[in-house]
Amino acid sequence: MGKSQPFQYLLIDVTQSQSQLLDIPPEVIRDYPSGAALATWLLSTHQPQHTDPLSPGSVVALAPGMFSGLPFPGATRMALVATSPLTGLWAGGVMGGEFAWALARTGWSAVVIQGRAPELCFLLFDEGRVFFRRASRLRGFSQRRATDELKRDWGSEAAVLCIGPAGEALVRFANVRDSSPEPGLRGGLGAVLGSKNLKALVLRPDQGRSIAQPEDFLGKVVPLIKRLGGTDETDGSVTVLDKLEKADALPGRNFQEVFKEPTWIDAVNKVPESKRACIGCPISCLRLASIESEDGGGQPRSELTLLPEHVWAAGPLVGLDSPEHTARVLIRCREQGLEPISFGGATAWAAEAVEKGIDLGLHFDSPAGFGRADWLADLPGLLVSNPQVRGLLGQGAAAAAQKIGGPAIALAAHYEGQELSYIDPRRHYLPLSFLGPAFVIWPWEEMNLETDEEETIDGLISREDQWALWQTLGLCPWAADAQEGLEEMLCEMFPLLDGRNVSPETLTGWSRGLIRLIKSFDWREGWRPFNQNVSPRFFEEDLISPDRVFSALDREERHGRMKKYFSRRGWGDDGRPIP
């Protein structure tokens with residue numbers, strides 16, 4: 001999309017089977033140029049306040065990044081944003097793969113979907129037009145099987161983004177994926193698409209990406225690609241589990257303890273695997289293990305991406321100590337289209353509740369509890385097929401705990417309704433963002449909150465700003481973090497890409513613009529940062545490891561840090577973004 005071309009987005013109403021192409025105001029492109037920033041602006045513009053995420057009035061917005069579809073390391077991403085059915089707040093981010101690559105080759109700056117189709121359907125994007133097609137024959141298909149069927153019908157070059165059975169069943173942590181080994185996004189976006197009776201999006205790209213000065217652009221990119229080609233370790237690889245385990249920072253058994261099992265880490269590292277890079281990226285940081293398949297797709301074996309958060313969620317979090325059992329659970333989650341971290345969090349809550357004698361009112365075929373491999377492997381299917389299981393665990397740990405009530409509430413490890421990943425707030429291995437559960441700040445480093453508080457707050461803000469920039473530009477955060485001096489190089493690349501001059505201050509403005517958009521969206525939906533939004537357990541229980549004790553959070557101390565943080569952001573003491 002060159003500078004001289006108009007910036008337009010496609011607005012689709014699946015209720016009426018209609019679409020229209022609309023212009024994006026120049027000032028919007030100036031402040032929110034692409035990726036998650038543009039998608040969030042569109043979400044805020046088209047979705048009314050306090051809209052139920054699973055109602056026809058909810059909106060899903062997709063937008064490629066500025067470098068998406070180009071031979072630039074990590075430029076494999078598009079943004080997908082909506083309101084989370086787990087939290088009622090902003091959810092999404094950038095996800096990679098062939099659909100992102102194809103979306104960048106449509107000429108559209110973004111796509112917005114609203115409404116609810118009268119029956120299960122898929123959208124076909126072909127030659128600049130949208131076609132509405134029935135998808136009843138795909139009902140109940142796994143994401144992989146549905147993708148294979150649609151590619152058979154529309155050609156191998158077609159890119160497919162789809163949900164699985166869990167999305168159709170409105171499990172609130174269902175995900176949406178394309179055929180790449182990349183993970184799906186968190187927050188239950190698969191359920192949002194399922195509520196629209198939308199099984200899949202099928203896209204046949206019909207345009208190329210234009211570059212203002214292609215030879216000079218490639219002249220800068222090719223050396224970078226060659227230099228990064230030998231990189232195969234990022235914070236997205238399973239080696240981060242080893243680092244966290246050695247640092248007493250890997251939570252186990254629903255955050256009741258610090259996980260210390262070097263033999264398990266060694267076993268995970270010894271799983272036979274192959275390395276792969278995402279489409280258009282030279283860094284082979286993804287680990288794929290060959291696993292026996294059970295999804296009925298006609299393949300005897302399939303490749304499972306060993307993502308550290310997923311391996312943890314189906315391992316230490318739920319008490320499994322066998323990589324084979326963990327892989328089995330993850331395969332079942334993938335077959336049903338479930339996001340593994342929230343699945344692990346909801347399941348770990350149920351296991352602890354059973355362990356402590358709390359009646360969940362559910363009947364399982366296998367004994368339930370931590371380390372129960374058969375029960376854990378059966379649960380993904382039960383979440384789709386069993387209304388009672390779906391009505392409790394399928395709502396997420398926080399909502400399930402509220403439904404049971406009493407002591408069950410304190411056991412749910414969540415942040416404003418979304419299950420926590422492997423960052424324990426008591427451990428401070430990068431503290432939880434004060435901006436809410438939408439912000440994914442990877443645990444690159446431990447931050448000592450007892451020494452220099454100002455430095456710690458500045459470090460957190462720096463990480464958040466960096467995350468927001470990659471989300472806006474549509475760059476893989478793992479690949480971006482592996483490149484030294486990337487922001488300076490980006491400023492040099494923009495004139496070659498589309499003729500515009502971009503300064504470091506411009507990049508900062510884009511980053512802060514996305515953060516303000518997300519914070520403002522969540523504020524209008526009723527989120528207040530000083531509410532009780534982090535699980536009580538983290539304020540009431542110490543975290544005990546074999547060698548150390550990490551104190552529970554202090555509410556007043558946390559509130560004090562939050563006020564200082566908001567002051568550094570230039571916002572009010574209550575966390576409200578000041579216009």
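This is a predicted model: local features need pLDDT of at least 70, side-chain atom pairs count only at pLDDT 80 or more; totals for chains, interfaces and linings use all residues.
Visitor: Start with the open sheet of six strands. What is the strand order?
Guide: The order is β2-β1-β6-β3-β4-β5, and the pairing is mixed.

Visitor: Which strands stand at the edges?
Guide: β2 (18-23) and β5 (90-96). Each has a single partner strand, so one side of each is left without a neighbour in the sheet. On average, neighbouring strands in this sheet are turned by 15° against each other, direction ignored.

Visitor: And β3 with β6, parallel or antiparallel?
Guide: Antiparallel, with four bridges between β3 (residues 59-64) and β6 (residues 110-114). Within that pair, alanine 61 has valine 112 of β6 as its bridge partner.

Visitor: Now β11. How many of its residues are buried?
Guide: Six of the seven residues in β11 (residues 198-204) are buried, so the strand is largely enclosed by the rest of the structure.

Visitor: How many bridges join it to β7?
Guide: Six bridges join β7 (residues 121-126) to β11, and the two run parallel. Phenylalanine 125 stands opposite leucine 203 of β11. β11 also pairs with β9 (residues 159-163), in the antiparallel sense and over four bridges. There, cysteine 162 has alanine 200 of β11 as its bridge partner.

Visitor: Helices next. Which residues of α9 are buried?
Guide: In α9 (residues 262-269), Trp264, Ile265 and Val268 are buried. They cover an arc of only 100° around the axis, which puts them on the same side of the helix.

Visitor: What do they pack against?
Guide: The buried residues of α9 pack against α8 (239-246), α10 (308-313) and α11 (323-336).

Visitor: Which residues touch the most other members of the largest nonpolar core?
Guide: Trp312, Trp349 and Leu393, in a core of 75 residues. Helix α12 (residues 340-355) gives the largest share of this core, eight residues. Another core, of 41 residues, lies apart from it and has Ile24, Ala39, Ala61 and Phe566 among its members.

Visitor: What does tryptophan 349 touch?
Guide: Not counting residues up to four places away in sequence, tryptophan 349 touches a list including Asn254, Leu360, Leu392, Leu393, Ile404 and Leu411.

Visitor: Last one, glutamine 418. Buried or exposed?
Guide: Buried: its relative accessibility is 10%, and the cut-off is under 20%. Glutamine 418 lies in strand β18 (residues 418-419). Leaving aside neighbours within four places in sequence, glutamine 418 is in contact with Leu86, Thr87, Arg186, Gly187 and Pro437.

How values were computed. Residues are numbered from 1 along each chain as its sequence is written. Side-chain values use heavy atoms; hydrogens and water are left out. Buried means under 20% relative accessible area, exposed over 50%, partly exposed in between (1.4 Å probe, protein chains only). The arc is that of the directions from the helix axis to the C-beta atoms. Contact means heavy atoms within 4.5 Å. A nonpolar core is a set of buried Ala, Val, Leu, Ile, Met, Phe, Trp, Tyr and Cys residues joined through side-chain atoms within 4.5 Å. Two strands pair if DSSP finds at least two bridges between them. Axes are lines fitted to C-alpha atoms, for helices over the stretch in contact, and angles run from 0 to 180 degrees between N-to-C directions.
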